[in-house]
Amino acid sequence: MANADTQRHWFRFRTLQDEPLAASTSGAKPPTILPHQSNSRGSSIFFSMPLTDNHRIKAFLAPPPRQYWAAIGVVLFVSLFGYPLQRWVNYQTLALVYLLAEVLLALVVGRGATLLAAVLSAAIWDYYFVPPSNSFHINDIYDGTMVITYCVVALVAGELTARLRTYQETELRTKLLSESEKLGRTLLNSVSHEFRTPISAIVGAAGNLRVQGELSPAQERLIAEIESAGARLNRIVQSLLSAARIQGGQLQPRLDWCEVRDVINASLRESAELLKGHPVETKIAAGPQLARMDFFLMQQALSNLIANAAIHTPPQTPIEISARTEGKELLLQVADRGPGLPAQELEHVFDVFHRLPNSKPGGVGLGLAIVKGFVEVQGGRVSAANGTNGGALFNIRMPAADSPELPEETL
Amino acid sequence: MNNVMNNVVSTPDMSALVIDDEPQIQRLLSTVLEANHYRVTTASSGHEGLSTIAKQRHDLIILDLGLPDITGLAVLKQIREWTQAPVVILTVQDSEPDKIEALDAGADDYVTKPFSSGELLARLRAAVRRSDRGKAEEPSLHFGNITVNLAARLVTRDNQAVKLTSTEYALLRLFVQHAGKVLTHRQVLREVWGPEHEQKTQYLRVYVQRLRDKLEPNPDAPVFFLTESGIGYRFSAS
């Protein structure tokens with residue numbers, strides 16, 4: 001049931017310039033995110049959730065002012081209907097009719113409106129129907145008990161119904177969410193599989209030609225072309241899948257203690273091919289540089305920054321990677337000696353599909369957005385600036401938790 | 001004389017079983033492996049793979065983790081109930097938890113799609129070599145300018161003794177005894193610090209860095225104590 005909507009909007013991205021999330025939940029436009037999610041997933045705000053049919057949840061409730069008018073309307077209707085019936089029906093029976101209306105009302109409106117209906121109906125019933133009529137006065141203990149009991153029963157019935165409904169709504173919301181997440185994951189996994197199988201076959205077969213040996217220089221070059229195209233295609237598929245995972249809120253970072261040196265080395269190894277022709281300098285502060293992060297996500301984020309630097313700077317210009325603890329944060333920097341970033345672009349370089357004017361071909365404008373998504377989902381921050389040597393400077397800041405507890409040991 | 005030499009040099013063909021549901025990958029692997037003197041059998045599902053293994057002994061098993069009928073992990077666990085033949089798993093990126101689970105469940109190594117033939121063949125050879133070597137331990141091992149004498153519990157660098165704490169030594173011994181193999185964080189922590197500490201990756205990060213500081217030519221760019229992204233470590237003696 002969620003399929004159509006989810007698929008149609010799968011690749012719709014939200015950027016920071018879009019209208020605030022809260023606005024989209026009440027407007028005529030279908031909501032793109034459930035209200036309670038906008039904060040809990042703070043980091044993925046810049047990608048929207050895939051559309052689910054969460055309007056099913058909304059259909060339960062009219063906006064609050066209308067609910068209050070509905071409550072007043074129902075009470076007045078029962079009163080007008082009951083007034084001429086007084087001759088045949090005694091006022092105790094009428095209380096039961098009020099109760100029935102109260103419970104039915106509680107099924108469709110919120111707690112506040114139910115409470116209003118309970119108070120209003122108790123007042124009207126007491127005033128017009130409990131003898132003496134047209135006064136709040138109560139004659140005997142019998143009627144007094146009736147009025148008090150009515151009030152309590154109406155309030156309790158309203159409250160219980162409201163609770164039951166809240167519970168049902170939560171259930172439905174959870175179910176819809178998990179359905180949509182499951183669908184998203186399944187889709188992503190199968191897309192991932194479908195793309196990677198042929199890429200594996202292409203890259204594997206090309207490489208195997210070389211292993212078999214006896215190739216002319218031209219054949220060697222052609223195989224190298226196939227391999228590098230395969231690698232590039234694989235990077236693009238990886239980017240699209242990563243973006244979809246961020247967008248779909250499918251990222252669950254596995255935070256664990258990581259040594260920054262390891263992350264840097266893994267990224268450099270992964271980017272070795274792209275870095276050919278760029279001298280790389282790493283500066284890592286002495287001593288353990290540990291932070292709680294998801295190794296794989298951080299490696300991808302850093303690889304994307306490195307690839308970005310390698311692609312957008314002239315050949316032979318150095319790329320500098322540094323890491324140190326600054327105050328309560330671990331600061332990871334990638335600096336290049338390229339043309340730098342125009343001042344007005346600094347704010348926008350991390351936006352999805354955002355590309356600098358006159359930037360070189362290569363890449364689809366997802367790399368930096370993925371950096372932002374991956375870092376923020378781990379509780380970190382990203383920023384861009386221009387370095388003191390000219391060239392762009394990208395910062396990743398991760399909260400450095402208190403240094404880990406280590407067993408004491410001597411030589 | 002010639003005959004004897006030939007017998008020593010040429011190894012008999014090894015049998016390899018490929019369990020993967022994608023015909024394209026099956027064909028590719030068969031071609032690559034046959035060109036490198038493996039006898040190849042293929043299976044397209046977990047159940048087919050298991051029944052093939054039950055019927056016939058294999059020197060090597062290549063297992064895709066994403067199979068249509070039962071998960072690769074389930075297949076692996078069943079394989080491990082009756083054979084210690086080396087199993088190399090094929091996975092895709094973004095599936096680190098699956099890789100870790102498979103390695104913990106007894107897989108020997110993993111290759112991430114898309115892989116190069118050279119990389120795959122090297123992993124396969126290493127896995128077979130390790131399983132052939134079996135439990136026979138060598139008393140000492142050399143890598144770079146380092147010698148580890150397991151019998152004497154002595155580590156030297158350029159013939160100078162290196163002082164290691166008992167934990168550092170235990171970690172080093174585990175690494176050299178499993179040279180070339182990926183060890184998951186859990187496996188290392190369990191082995192060196194005990195099962196109650198298997199979540200404490202921070203121990204591992206600090207101690208591996210200490211080993212690197214003492215034994216690597218350049219501790220910031222290690223060549224022996226290699227990190228496997230988010231999975232564990234691989235000690236490389238070459």
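Where is B:N159 found? I will come to that after a word on the model.

This is a predicted model, in which local features need pLDDT of at least 70 and side-chain atom pairs count only at pLDDT 80 or more, while totals for chains, interfaces and linings use all residues. Residues are numbered from 1 along each chain as its sequence is written, and chains are lettered from A and ligands numbered from 1 in the order in which they are written.

Now the answer. B:N159 is in the loop between β8 and β9 (160-161) of chain B. Strands here are DSSP runs of E with at least two residues, and helices are runs of H or I with at least four, numbered from the N terminus. B:N159 is not a glycine, yet its phi is positive, about 65 degrees. Most residues other than glycine have a negative phi. B:N159 counts as exposed, with 7 C-beta neighbours inside 10 Å.

A:Q316 has a positive phi near 75 degrees, lies in the loop between α11 (295-312) and β4 (319-326) of chain A, and is exposed, with 9 other C-beta atoms within 10 Å.

Next, the strands leading up to that loop in chain B. Strand β6 (residues 140-143) and β7 run antiparallel and are joined by four bridges; strands pair if DSSP finds at least two bridges between them. B:S140 stands opposite B:N149 in β7. Two residues lie between the strands of this hairpin, and B:G144 takes a positive phi near 55 degrees there.

β7 also pairs with strand β8 (residues 154-157), again antiparallel, over four bridges. On β8, B:L154 is the bridge partner of B:N149. This second hairpin has four residues between its strands, and B:R153 in it has a positive phi near 50 degrees.

Last, the cis peptide bonds. In chain B, one joins B:K113 and B:P114, with omega about -5 degrees, and B:P114 sits in the loop between β5 (109-113) and α6. In chain A, the bond from A:P131 to A:P132 is cis, with omega near -5 degrees. A:P132 is in the loop between α7 (111-129) and α8 (141-212) of chain A.

Technical notes: Buried ≥ 20, exposed ≤ 12 C-beta atoms within 10 Å, placed from the backbone.
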